[in-house]
Amino acid sequence: MQAALVQSPALAAGAPQVNGAAEARLIEVYRLTGEGRTREALQRAETLVRDFPHFQLAQLVYGDLLTTQVRPVRDFGDVPPALATGNAGTILGELRHESQMRLKALRERPPVGAIPSQFLALSPRNRHAIAIDASRSRLYLFENTPQQLRLVADFYISVGKSGIEKMVEGDARTPLGVYFIVSNLDPKSLSDFYGSGALPINYPNVLDSKRGKTGRGIWLHGTPPNQFSRAPLASDGCVVLSNPDLAFLSRTVEIRTTPVVISPRLEWVAPHSVQAQRKPFEDALAAWRSAKSRGDVDQLLRFYTPDFNSYGKSLAEWVPALRSEVDKARGKPIQLKDLSYLRWTDATDTMVVTFGEVADGERSGPTKRQYWVRQGSEWKIFFEGIIG
């Protein structure tokens with residue numbers, strides 16, 4: 001029963017435990033099986049399927065363990081060939097794929113203390129952050145402590161039937177990029193299909209729209225009551241978790257301030273290693289702030305791309321509003337409060353920046369978001385707008 005996998009060192013007793021009570025118990029069944037303790041594994045599997053009767057993967061493992069009582073098991077999900085045809089064969093293949101992805105995520109745990117490379121700087125307002133690794137069917141939840149980002153939970157997830165990199169509406173793909181949770185939908189307002197609730201994200205974001213991507217309604221959501229989890233590739237583009245995991249997430253994260261990075265494959269880095277990566281951008285941001293503090297509009301405009309857009313306004317259409325804003329400040333130095341920036345790198349290098357812009361002598365100011373793109377050795381702004 002996937003003996004090579006369950007005897008992997010990552011599955012040894014005492015290995016760091018993943019979150020999700022049902023999954024942790026399933027992994028324990030795998031571990032006991034790999035150690036040849038099949039009777040104990042069978043007992044654990046029996047209580048697991050009793051507690052989570054709709055956990056199909058656990059039911060399959062339980063069936064295999066029952067089979068071992070009368071004959072050797074030839075393969076994971078060892079059912080008679082006549083029963084593994086048509087729709088049943090499809091479901092069996094999906095369950096095998098789910099098992100592989102859960103085990104892969106367990107074997108390939110992030111290094112202790114490492115963070116995703118996109119998280120260059122988070123402000124205290126970003127109390128949590130989410131990173132999704134499509135290659136591992138995994139969602140990682142971080143708490144932003146005063147000391148550092150701390151991984152507090154990670155969960156198995158499903159993505160689009162057609163995979164990732166959403167381009168157009170209806171393509172059944174999950175988008176890639178940097179997003180934010182925009183609301184927390186009450187499960188009472190949703191159909192049973194979404195399970196214990198939904199956390200919509202802001203797809204399409206500014207970069208998506210600039211690239212002509214279409215579609216809407218991308219959520220993190222749960223599963224129907226009769227289904228514990230879905231296959232790794234199963235949704236219409238949303239990110240799907242089990243209901244207990246989604247409920248935990250919904251209780252924990254905050255709307256508008258929780259970033260969600262969705263990546264083909266996360267790169268994990270040591271927190272101190274991002275310092276060097278941040279400096280060229282921080283220098284550009286500091287120069288932009290200095291120009292705005294001086295009220296030097298001509299110098300300020302050098303930071304914006306010719307194709308700049310702000311909620312439908314071109315650079316030429318937006319400049320009068322910028323001049324009015326600078327005139328109103330009357331040369332007062334500005335401070336960037338609660339500054340965060342997240343990096344997204346694919347065909348281009350993009351920085352998603354959020355801050356409160358507060359002039360000296362003022363108690364508060366607008367919350368703004370900018371999108372910067374690296375052009376050669378320079379960083380330029382292609383979007384700026386007030387978000388709060």
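On a 1 Å grid over the protein atoms alone, a pocket is an open set of points with protein on both sides within 12 Å along at least five of seven lines, a cavity is a set of points where a 1.4 Å probe fits but cannot get out, and lining residues have an atom within 4 Å of a point. Grid points are joined across faces, edges and corners, and a volume is the space filled by probe spheres set on the points. On these terms the second largest pocket has a volume of about 330 Å³, while the largest pocket holds about 550 Å³. The model is predicted, so that local features need pLDDT of at least 70 and side-chain atom pairs count only at pLDDT 80 or more, although totals for chains, interfaces and linings use all residues. Residues are numbered from 1 along each chain as its sequence is written, and side-chain values use heavy atoms, with hydrogens and water left out.

**Sheets**

- Helices (H or I, at least four residues) and strands (E, at least two) are DSSP runs numbered from the N terminus, and two strands pair if DSSP finds at least two bridges between them.
- An open sheet with antiparallel pairing is built from five strands in the order E2-E16-E17-E18-E19.
- Because strand E2 (119-121) and strand E19 (378-386) stand at the edges with a single partner strand each, one side of each is left without a neighbour in the sheet.
- From one strand to the next the twist averages 20°, where axes are lines fitted to C-alpha atoms, for helices over the stretch in contact, and angles run from 0 to 180 degrees between N-to-C directions.
- Within this sheet, strand E17 (residues 349-359) pairs with strand E18 (residues 367-375) in the antiparallel sense over seven bridges, and Thr 354 stands opposite Arg 369 in E18.
- Helix H8 (residues 274-294) lies across E2, strand E16 (334-345), E17, E18 and E19, and runs at about 135° to E16.

- H6, E16, E17, E18 and E19 are the elements that give two or more residues to the lining of the largest pocket.
- Ala, Val, Leu, Ile, Met, Phe, Trp, Tyr, Cys and Pro count as nonpolar, Asp, Glu, Lys and Arg as charged, and the others, Gly among them, as polar; by these classes the lining of the largest pocket has nine nonpolar, twelve polar and six charged residues.
- The second largest pocket has 14 lining residues, with Glu 325, Lys 328, Ala 329, Ala 359 and Pro 366 nearest its centre.
- Helix H10 (315-329) and E17 each supply at least two residues of the lining of the second largest pocket, and H10 gives the most, with four residues.
- The lining of the second largest pocket divides into five nonpolar, three polar and six charged residues.

**Cavities**

- Two cavities of 30 Å³ or more are found in a search of the whole structure, and the largest cavity contains about 70 Å³ of space.
- Of the 14 residues that line the largest cavity, Gly 177, Val 178, Asn 205, Leu 207 and Trp 344 are the closest to its centre.
- Strand E7 (177-180), helix H6 (206-210) and E17 give two or more residues to the lining of the largest cavity, with the largest share, three residues, coming from E7.
- The second largest cavity has a volume of about 40 Å³, and its lining consists of His 54, Phe 55, Gln 56, Leu 57, Leu 95, Glu 98, Phe 228 and Ser 229.
- Helix H4 (56-67) and helix H5 (86-107) each supply at least two residues of the lining of the second largest cavity.

**Packing of H4 and H5**

- H4 and H5 pack at an angle of about 95° with their axes 10 Å apart, which means that H4 is roughly perpendicular to H5 (a term for angles of 65 to 115 degrees).
- The contact (heavy atoms within 4.5 Å) is made by Gln 56, Leu 57 and Leu 60 of H4 and by Ile 91, Leu 92, Leu 95, Glu 98, Ser 99 and Arg 102 of H5.

How values were computed:
Angles under 35 degrees count as roughly parallel, over 145 as roughly antiparallel, 65 to 115 as roughly perpendicular and the rest as oblique.
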